[in-house]
Amino acid sequence: MKNLLPPAIPVLIAGGGPVGLTLSALLSSQGIANLVVEADEGYCSGSRAICISRRSQEILGWVGADRPLVEKGLSWVGGRSHWRNTEVLHFQMPSEPTQRFAPMVNIQQFYVEEFAHQAAQAGGAEARMAWASRVHAVRARADGVAVDVETSEGMQTLNADWLVACDGGRSTVREQLGLQLEGTQYEGRYVIVDIVQKTRREVERLAWFDPPSNPGSTILMHRQPDDVWRIDYQIRDDEDPLEAVKPENVLPRVQSHLDMIGETEPWEPLWISIYNAKCLTLPSYRHGRVCFAGDAAHLVPIFGVRGLNSGLDDAGNLAWKLARVIRGRSPEKLLDSYSVERVHATRENIAYGAKSTEFMAPPNFAYRLMREATLRLAVSDAQVRSLINPRQSSPITYVGSPLNAQQQGVWAHEQAAPGAPAPEALLQGSHGPFHLSSRFGHRFLVLVFGGDLVLDQPDLEVLVITQAMDVQGQAWQRFGLQRPDEPALVLVRPDGYVMGRWHGLDPAPLRAALNDMEVSE
């Protein structure tokens with residue numbers, strides 16, 4: 001059967017990794033037809049990005065991909081760090097029984113791709129996938145993009161209204177537009193190994209600094225589904241990276257560490273790769289009718305698991321805005337806010353990631369000396385141990401976003417100010433308990449406290465939160481109200497971010513905030 005591509009498409013997505021496929025599913029759920037072109041013939045091999053944050057689980061939940069991911073994945077809430085063979089840190093991420101998702105789930109990247117792809121196929125609009133198809137050339141126009149795609153049937157030209165580059169760190173689209181990433185690249189390298197071995201250990205992040213099994217190295221271990229261990233270990237600066245990934249050099253190091261920690265079950269290797277940390281980003285993620293997301297837009301260190309998770313946040317931010325523009329509801333300038341917000345988020349992630357990298361892979365003697373001093377002190381001084389905490393990925397507040405509505409009056413706190421991720425709350429509905437985040441992902445959501453409100457406006461859902469619904473007081477407290485019966489309105493964007501909050505029940509400022517995004521008549 002010939003692999004013929006459609007000559008025209010509203011959205012062409014270059015790259016069928018987890019970010020591209022999640023974006024495809026989100027657009028499909030918004031009724032926007034799209035085509036994904038992927039150079040490989042199927043899902044990726046090897047574990048690659050394995051830690052899926054609570055926020056990413058929420059985003060995947062907007063298209064129903066959360067259930068298979070949670071069922072297959074291994075949830076965890078904390079971890080342990082060791083200096084040599086002494087435990088120096090046992091950390092726990094914020095979590096509570098009423099949360100909808102665990103703070104983190106370990107799962108191989110190819111499963112995320114599969115679940116996102118299945119969600120795209122089940123969406124409300126046509127979402128097509130072209131495997132073994134590679135973007136060859138890009139010609140941007142004012143009203144769209146012409147893209148030459150190399151397929152098994154030869155070169156084909158597609159005309160897309162919009163092109164989203166999700167084609168990774170070596171992005172062809174980025175190269176075609178003459179764009180370059182800016183920032184810092186670190187020299188420290190880590191070998192990554194997947195092995196199959198049965199274990200009874202708890203699911204948690206495990207780290208060893210200068211372990212007796214591999215003196216001078218740093219080792220990370222994560223359990224994955226299917227009895228797989230993911231092991232990352234640092235190699236010396238003078239080691240040849242090509243030699244470092246050869247099985248005869250990798251397997252003895254793995255065996256030595258397994259012996260040290262008492263993992264004696266038989267094992268075999270599945271996948272070996274190598275990695276070095278990069279803190280790079282494009283200055284802008286929108287260039288006319290071309291947008292960039294995931295590794296095509298930014299490269300963030302794996303430490304703190306901000307890479308894939310930030311890419312999924314890119315998809316969550318971009319999808320609803322692109323859908324509004326394509327449907328004619330909002331002007332194209334709405335997409336400028338995608339770039340403003342996500343570049344800001346990347347710079348925050350890079351700042352955190354750089355600190356983690358400098359501890360996990362010290363770039364020079366001074367950093368190595370400081371790390372060793374910290375680890376030595378942490379053995380006996382609990383106050384020092386927080387310096388070892390890896391500070392895992394968390395949603396970034398969009399400070400200064402052009403979409404943030406002006407806030408008036410005094411609120412109990414700023415954790416739910418405009419631009420902040422909307423907090424979770426467990427509520428009691430007429431059909432039983434539900435999480436507030438289950439209402440995100442598709443349209444704007446107005447939360448009404450201390451009264452009632454009727455708004456007849458498309459793409460808008462009104463949720464009146466009574467005291468009987470907010471049994472535990474989570475909603476009114478977390479959104480910054482002074483008391484449970486205080487009248488207030490909160491506008492939550494489709495991507496689960498607070499756009500505005502107002503004292504009282506006057507809908508006029510809320511309508512004004514929404515009208516600012518509408519196409520002028």
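**Exercise 1. Work out whether strand S24 (residues 488–492) is enclosed or open in this predicted model.**

Start with the burial call: a residue counts as buried when its relative accessible area is under 20%. Now go along the strand: 5 of the 5 residues of S24 are buried, so the rest of the structure largely encloses it.

Next, sort the side chains by direction. In a regular strand, side chains alternate between the two faces of the sheet. Here, Ala-488, Val-490 and Val-492 point one way, while Leu-489 and Leu-491 point the other way, and all are buried.

**Exercise 2. Find which strands pair with S24, and in what sense.**

Take strand S22 (residues 444–449) to begin with: S22 and S24 run antiparallel, with 5 bridges. To locate the pairing, look at Leu-447, whose bridge partner in S24 is Val-490.

Then move to strand S25 (residues 498–503), also antiparallel to S24 and joined to it by 5 bridges. Here Val-492 sits opposite Val-498 of S25.

Finally, check the connection. S24 and S25 make a hairpin with 5 residues between them. In that turn, Gly-496 has a positive phi of about 80°.

**Exercise 3. Describe the second largest pocket and what lines it.**

Volume comes first: the second largest pocket holds about 910 Å³ of space. Its lining has 33 residues, and Arg-54, Pro-94, Gln-99, Ser-394 and Pro-395 lie nearest the centre.

Now assign the lining to elements. Helix H2 (54–61) and strand S6 (86–92) each give at least two residues, with H2 providing the largest share, 3 residues.

Methods
Residues are numbered from 1 along each chain as its sequence is written. This is a predicted model: local features need pLDDT of at least 70, side-chain atom pairs count only at pLDDT 80 or more; totals for chains, interfaces and linings use all residues. Side-chain values use heavy atoms; hydrogens and water are left out. Buried means under 20% relative accessible area, exposed over 50%, partly exposed in between (1.4 Å probe, protein chains only). Helices (H or I, at least four residues) and strands (E, at least two) are DSSP runs, numbered from the N terminus. Two strands pair if DSSP finds at least two bridges between them. On a 1 Å grid over the protein atoms alone, a cavity is a set of points where a 1.4 Å probe fits but cannot get out, and a pocket is an open set with protein on both sides within 12 Å along at least five of seven lines; lining residues have an atom within 4 Å of a point. Grid points are joined across faces, edges and corners, and a volume is the space filled by probe spheres set on the points.
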